[in-house]
Amino acid sequence: MTALWGTTVNAAAIILGCLAGLLLPRMPEKMRGVIMQGLGLAILFLGISMGIKTGNFIIVVVSLVAGGVLGSLLKLDDLLQGVGDRLGSMVKRGPGNVAEGFVTATLIFCVGAMAVLGAVDSGLRGDHTMLYIKSLLDGITAMVLATTLGFGVAFSGAAVFIYQGAVALSAGWITSFLGEEALEAVITEVSAVGGVLIAGIGINVLGISKINVVNLLPAIFVAAGLVLARGYWVP
């Protein structure tokens, strides 16, 4: 339970933030549009700032290409959309589409360095500071998202709990298996690839284009594999 405390706070903050957003007086359409544009720009900037920290741009490119192929073959977008649709059939309330809110919020809250590093700190040292900070940021983001995307945002709290909880509970095994130096290298490149995906979410929120971020998700795991194997193929 100690290892999961930070993750529990994070999930609760997302749910409470969503509920707060739903309880706010209904905003004029123009105001909601401006808020979503501001949030989209912030998400885009966050993704870019994460992506440029890569130590090897080739890993990012190969990961995105290979990840996109895997995601398309596995039809991850249909799978996650199906989960959102089933949740939507259970809940009929608030503005927005439940599936869209669930998918968008889950990607924003789960893809990033703080999710992994914070969960590892919670699991190894019982230090939840990073997840407390993430909880504050996620709660505010959930509140803003809920005003437009609706109640589906709250369901992303469960996804965050499962994802970060799994990392926290397996943190000791991961560190002993990889070692701290290798773990740091993996997190660097995984965060960079995750940053590109987050930038894609920002572009979607801004309505510039429609990037299938879900099908690109395997790129994160491809990046981790390439970092661990780079000693064999990179001079």
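Trainee: Which residues does isoleucine 201 touch, not counting residues up to four places away in sequence?

Mentor: Keep in mind that this is a predicted model. With residues up to four places away in sequence set aside, and with contact taken as heavy atoms within 4.5 Å, the partners of isoleucine 201 are Ile43, Thr104, Leu107, Ile108 and Val213.

Trainee: Which residues touch the most other members of the largest nonpolar core?

Mentor: That core has 49 residues, and Ile201 belongs to the group you ask about. Apart from this core lies another, of 8 residues, which includes Ala119, Val167, Ala171 and Leu183. In the largest core, the residues touching the most other members are Ile43, Phe109, Leu145, Val153, Val193 and Ile201.

Trainee: How many residues of helix H5 are buried?

Mentor: Helix H5 covers residues 98–110 and reaches 18 Å from its first C-alpha to its last, close to the 18 Å expected at 1.5 Å a residue. Among its buried residues are Thr104, Leu107 and Ile108, and also Phe109. Taken as a whole, H5 is mostly covered, the buried count being 12 of its 13 residues.

Trainee: For the protein chain, what share of contacts between residues at least 6 apart in sequence joins residues at least 24 apart?

Mentor: The secondary structure of the chain comes to 11 helices and 0 strands, and 49% of its 235 residues count as buried. Of the contacts between residues at least 6 apart in sequence, the share joining residues at least 24 apart is 83%.

Technical notes. Residues numbered from 1 in each chain as written. Predicted model: local features only at pLDDT ≥ 70, side-chain atom pairs only at ≥ 80, totals over all residues. Heavy atoms only, no water. Core = buried A, V, L, I, M, F, W, Y, C linked by side-chain atoms within 4.5 Å. Buried < 20%, exposed > 50% of the residue type's maximum accessible area, 1.4 Å probe, protein only. Helix = DSSP H or I, 4+ residues; strand = E, 2+ residues; numbered from the N terminus. Expected span 1.5 Å × (residues − 1).
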